Amino acid sequence: MLSDQYYAMGSAEGITFLASSGDGGGSGYSAGPLGTVGYPATSPFVTAMGGTTTYLTFDGFSFNVTAWSNYGFVPPNVNFGGSSGGISQVEPKPYYQWDLTTPRTYPNGREIPDISANADVYPGIFIVCPGNVTEISGGTSEASPLTAGLLTLVMQYDHSRLGNINPDLYYLSKVDPAVFYPITFGYNIPWTASQGYNLVTGLGQLNVGNLATAMKKIPSSLSVMVNVSNTTVIPGQRITVEANVTLNGTPVTAGQFQVTLEGVNGNLTTVPLSYQNGEWTTSLTIPGNDSGVTYLTVWGTSGGISGYGMTELFSGYFVQFLSPVPYSTSWTGSGITIVANATTPSGSLSPEPTLQVDVYSYNITDNSYTLVNETILNYTPSVDAWVGSLIGDLPAGPLLLQVVNGFGYDAIFNGIGMSSMFILPPTVAEPGTVYPGQDIIVLGSLTPPNNLPSTTSLNLATGSNMTAELWNGSVISSATIPFSPAGEYLGYLKVPNKLSPGLYTVLLFSSYDSYTLNETIPGFYYGQIYVGSEVTAPLNFSSHYVLQGSTLYIYSNVTSQGKVVKYGMFSATVFPNILSDQYSAISTVLEVPLWYNSSIGLWVGNVTLPSTLSLGNLTYLGNSYFAEPFKVLVTGVSAYGGETSTNISHAGEIYVEPITLIKNDPSYSVIQTYDTAFLNDTIHVNGNMANDVFLGNDTIVDSNVVITSSNVTGTLVIENSHVTLVDAQVNRLILVNSSVKLVSSYVESIVETSSLISPILSRLINVYPEYPVIQIGVQPYQNLTGNVSIPITVAGSDVTNVTVELDGSPIATFQGNGTHTVSIDTEKYSDGTHDLTVIVGQSDGLSTSFAAKLVFENQLQSVSQKVNALNSTLPSTQGTAKTGEYLSIVGIVLALVAIVISLIRRR
């Protein structure tokens, strides 16, 4: 009550208080739903923040929101997930929630949450931890600061403070529902999300833009300040209530106003007020059934304008249970001792000689509490407390102990404790979802009742019988859950084929037949899980053959019932084929998150593969499994309860090549110089490199290295280095102030500056600067005789010397570019075809050559001259017969000359 007063005063000053509802779902912080919701979220002057799961697409931004749901089990008093919500046993229902329906058998308590915001750790937020370390976190402790920040934007827009926004939120939910994103899917056990207010997400998630404009349109209301003559009372006591009602500072003297006394037992009484001596006033008697925190709400209208104001008092005696301890496990069959302390709010002992404790059993199948026992506690002076016993075979599971003539509650587990049992889908994610044909995993340990003999407790923990049932109005399937060699109970509950989608309850039963006690000790607990549709996630990759240490891009076309799934939580597990039997364990260590890329309609993610230098993202591998086949399996849930298979037969496969990728290293020195793929690296190494691949743009600088059996598929820049390439296939080399020896290598393109190239049995296709242009001033196979002068023209940018060879022997040398003349005395050579070769050397060590075929005919010319001389000596006066003889001789000679010429040209 005192802290409520502080929150009320802060609200009056314009301060808005937000509190997280919790991360234990609807039952996680108590034995049963009642007792789970806690303070300060239940204060009427605080806005209780529940949790949602927000699904995002980052390109072409869009989002979808559902409730932050449980995995399937009730978190055992820890923050294992799920937006907490429910009914308060302490704080009554405030006036702004009067229109909300109270669930059957529950108290008339404050209902939380009021609104919600993202709480799922996916996507989550970064928080700064001790030691200035950041980590990703979530929970409703994320929802509160997120909403606080958003509300500051509303305050800036409206230029005003907000104070307690709860009355305005519930008013706007009726007149302007666009202020909220309604949450219609999700659960927190036992509550479910639905249109309108629900006990998982409250009114929904705020649309802050609409809220900012809507707040300006809220009509004026009366200001009602309430005072009461006593704030601590007992039933039957008479009190006076006074209220100061104003409108914009002006007293309201006419209208209709009344005061309502509201407790967790309901609307206790309503009494009209009258205007007297400048105040609205009345007196009333505290009803006999009033116990605990009580709200006095003055409300009414004047001139068509309404207003509410409230204060609090405490009625009756406060009862604290000393035994059994809340959330403990006992067995009523062996008798449970109850010890309680009853005092006034100021600490004085209650005068009541006895306390009546009603015991209720909770039943998840209809979400209700049933009275199963009434126990009397008697004041015992020796312990200065009220003592009694609870004995009998009461229902196993959650029990609620409630004091009738005082204000106090206790929640315990009766029988074998089963709150540590986990109910999980094959894909462990929130919401907990399965599809027909899958198995629900049931595993965990049992807690023996604390009032059993130690030997019985030990045997009970491992020797009990356990069963699980899938229930939805009737039992759909059941399974025995045996105790496994791993030291825990482990079993599988089959989801029948063709089961309709929806939220199903899982009932857990256990029993132990004790020969020592001659009785059977039962146990009972529950969980809930959603049965949805199967989601398929076929895979594709950036490449099926990848390098060690490279980044693998994963693509998955996620669909459900033929429709593309755009919202959900999906991830990929990457593992070597040889470890397929360890998939389940690996999936708990590493998951590669995927996100939906709307531009390509696929879910995408990436992972850095392990190498000999780094494990990349797969740190679980230790120091092995680098180059071999790997499997990739995508699992997850869609936003509305679709589930993937976890069978590794659905996995895709990649092959990791035995080459390590080193990427974007600006100063790589000798760590590994073999079986390496370099991508955009700067390398400094002295020694040998072998079996390497150079991708992208790599640079070797200040090095003296021999590179053997390697490929350059990109561009390799060599600066200030001496490099020998042996048996290399090179796409492009750029040389700067370096020397390169090429041995049995192929180079498609080479560019050099102030460098020397020495090719040996190698082929260079394109060279820059380009080879000189060589021209020989004769026609191919031109006949030459005597002394001839042949012009040689050389044109190039890097020419140092020109050598002219005839049949492989140098006959002249020149320097530089230009036209040079070569003189040849053909008579010094035999007649026939000769090779004239011009070899041009460059400063980079490269050379080029050009050859021409020359024909020397000095002997043929001599024969021709002799024939001419013979013709000149023939007698001119001989007869015809003599002339014919001479002509025959000349013909024979000419034929012989023709044969000689032909033979010479064939040489």
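Student: Does R110 count as buried or exposed, and at what relative accessibility?

Tutor: Buried means under 20% relative accessible area, exposed over 50%, partly exposed in between (1.4 Å probe, protein chains only). R110 has 0% relative accessibility, so it counts as buried. This is a predicted model, where local features need pLDDT of at least 70 and side-chain atom pairs pLDDT 80 or more, while totals for chains, interfaces and linings use all residues. Residues are numbered from 1 along each chain as its sequence is written, and side-chain values use heavy atoms, without hydrogens and water.

Student: Which residue forms a salt bridge with R110?

Tutor: A salt bridge puts a side-chain nitrogen of Lys or Arg within 4 Å of a carboxyl oxygen of Asp or Glu. For R110 the partner is D114, with the closest N and O atoms 2.7 Å apart. D114 is buried too, at 0% relative accessible area.

Student: How many salt bridges are there by this rule?

Tutor: Seven. One of them joins K174 and D99, whose closest N and O atoms are 2.4 Å apart. K174 sits in helix α3 (residues 166–175) and D99 in the loop between β4 and β5, so the pair ties together parts 75 residues apart in sequence. Helices (H or I, at least four residues) and strands (E, at least two) are DSSP runs, numbered from the N terminus. K174 counts as exposed at 56% relative accessibility, and D99 likewise at 60%.

Student: Which residues touch the most other members of the largest nonpolar core?

Tutor: Such a core is a set of buried Ala, Val, Leu, Ile, Met, Phe, Trp, Tyr and Cys residues joined through side-chain atoms within 4.5 Å. Here it has 98 residues, and L206, L211 and I440 touch the most other members. Strand β36 (residues 519–531) gives the most to this core, seven residues.
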